[in-house]
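I opened the notebook to log a set of look-ups on one protein model.

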Amino acid sequence: MKKRPFNFVRWFTDTGWRHLVGVVLVVVAVFPLLYVVSASLNPGGSLVGSNALFSTMDLQNYVALFTNPDQPYALWFLNSMVIGVVTGVCTVFLGAMAAYAFSRMRFRGRRIGLLSLMLIQMFPQFLAVVAIFLLLSAISDVFPALGLGSQLGLILVYLGGALGVNTYLMYGFFNTVPVSIDEAAKLDGASHAQIFFSIILRLVAPILAVVGLLSFIASTGEYVIASVVLTDPSSQTLAVGLYTFVSQQFSNNWSIFAAGAVLAALPVVALFLALQKYIVGGLTAGSVK
């Protein structure tokens with residue numbers, strides 16, 4: 001059988017253009033990352049010197065992050081991890097309970113509640129910055145632990161803004177779990193709490209992992225609300241603290257800022273890699289339903 005000659009035009013029209021688009025997208029996605037890593041290794045302190053990628057490599061910017069007492073990067077990193085983990089765990093727990101109630105129980109106001117969740121998630125949380133500031137300022141006079149400058153107050157603000165969209169996302173996934181499982185458990189004498197904690201949570205693990213990951217990323221990278229609520233430098237998060245490296249008029253240091261950004265991205269990348277097997281299933285199953 002005679003082999004057909006290679007036709008570049010036909011190959012490019014059928015599949016070749018996909019490879020070209022893929023290469024372009026990879027370059028667009030990877031180049032900013034390489035530039036930031038190169039800037040973090042540049043001891044010059046400016047971004048201009050990083051135009052030649054990895055022309056100079058020095059770890060002094062990473063050392064400087066942990067040696068300046070006026071800019072406690074290690075404390076900011078710890079604050080971000082604590083706020084991110086607590087917010088993620090509480091968001092998953094509260095959202096899962098709300099989603100289970102909307103999915104399995106029939107009560108007055110259920111449809112209005114679901115509609116309200118859809119409407120609330122249409123408005124970004126930073127639109128309420130003024131209201132949040134006034135509310136926490138008033139709470140500070142009565143209960144300082146939840147007022148301005150409190151990490152607990154910031155966590156509660158994050159929870160209030162995240163429960164809407166995450167509850168609706170988990171609600172779609174809960175609907176994919178057959179109701180017959182609940183009915184079989186009820187015949188054995190199980191209560192709603194036993195069904196929820198012993199059976200349902202194990203079956204909806206993918207969406208729990210997705211919501212926890214998204215909540216962690218959002219809370220650790222959020223700047224606007226954190227900069228308003230956290231007034232004490234010792235309680236600030238990485239997003240707020242890193243801005244101080246480049247916000248001063250005569251002492252901007254973009255190299256140290258890039259080094260801090262690289263280290264700040266490591267926990268997110270590690271968590272993403274650990275949960276990546278759940279991400280696709282968790283996002284698509286709920287949306288298909």
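Is Gln236 buried or exposed? I found Gln236 buried, at a relative accessible area of 11%. I take buried as under 20% relative accessible area, exposed as over 50% and partly exposed as in between, with a 1.4 Å probe and protein chains only.

**Ground rules**

I am working on a predicted model, where local features need pLDDT of at least 70, side-chain atom pairs count only at pLDDT 80 or more, and totals for chains, interfaces and linings use all residues. Residues are numbered from 1 along each chain as its sequence is written, and side-chain values use heavy atoms, with hydrogens and water left out.

**Entry: Gln236, continued**

I placed Gln236 in the loop between α10 and α11. I then listed its contacts, leaving out residues up to four places away in sequence: Trp76, Asn79, Leu230, Thr231 and Gly241. Contact means heavy atoms within 4.5 Å. Helices are DSSP runs of H or I with at least four residues, strands are runs of E with at least two, and both are numbered from the N terminus.

**Entry: overall make-up**

I counted twelve helices and zero strands. Of the 289 residues, 35% are buried. I also looked at contacts with a separation of 6 or more: residues 24 or more positions apart account for 68% of them. The protein exposes about 16,900 Å², and carbon and sulfur atoms supply 71% of that area. Accessible areas come from the Shrake-Rupley method with a 1.4 Å probe; for residues, only the protein chains shown count as cover.

**Entry: α4**

I went to Gly113, which sits in helix α4 (residues 110–120). Gly113 is buried, with a relative accessible area of 18%. Its C-alpha atom is 8.5 Å from that of Phe102, eleven residues away along the chain.

Which residues of α4 are buried? I noted Arg110, Gly113, Leu114 and Leu117. Seen down the axis of α4, these buried residues fall within an arc of 100°, so they line one face of the helix. The arc is that of the directions from the helix axis to the C-beta atoms. Arg111 and Ile112 are exposed on the other side of α4. The cover over the buried residues of α4 includes α3 and α6.

**Entry: α8**

I repeated the check on α8 (residues 192–203), whose buried residues are Ile195, Phe196 and Ile200. Viewed down the axis of α8, they fall within an arc of 95°, so they line one face of the helix. They pack against α3, α6 and α7 (179–187).

I found Leu242 in helix α11. Leu242 is buried, with a relative accessible area of 8%. Its contacts, leaving aside neighbours within four places in sequence, are Tyr73, Trp76, Phe257, Gly260 and Ala261. Leu242 and Leu65 are 177 residues apart in sequence but 9.9 Å apart in space, C-alpha to C-alpha.

Leu263 is in helix α12. I read its contacts, not counting residues up to four places away in sequence, as Tyr62, Leu65, Phe66, Tyr73 and Phe77. Leu263 and Ser40 are 223 residues apart in sequence and 10.0 Å apart in space, C-alpha to C-alpha.

**Entry: pockets**

I work on a 1 Å grid over the protein atoms alone: a pocket is an open set of points where a 1.4 Å probe fits, with protein on both sides within 12 Å along at least five of seven lines, and lining residues have an atom within 4 Å of a point. Grid points are joined across faces, edges and corners, and a volume is the space filled by probe spheres set on the points.

How much space lies in the largest pocket? I logged about 530 Å³. Of its 21 lining residues, Gln125, Gly161, Ala162, Val165 and Ala218 are the closest to the centre. α6 (151–174), α9 (205–221) and α10 (224–229) each give two or more residues to this lining. α6 gives the most, with seven. By class, the lining has eleven nonpolar, nine polar and one charged residues. Ala, Val, Leu, Ile, Met, Phe, Trp, Tyr, Cys and Pro count as nonpolar, Asp, Glu, Lys and Arg as charged, and the others, Gly among them, as polar.

The second largest pocket holds about 250 Å³. I counted 13 lining residues, with Thr220, Gly221, Ala264, Ala265 and Val268 nearest its centre. α3 (73–104), α9, α11 (238–247) and α12 (254–288) each give two or more residues to this lining. α12 gives the most, with five. The class count for this pocket is ten nonpolar, three polar and no charged residues.
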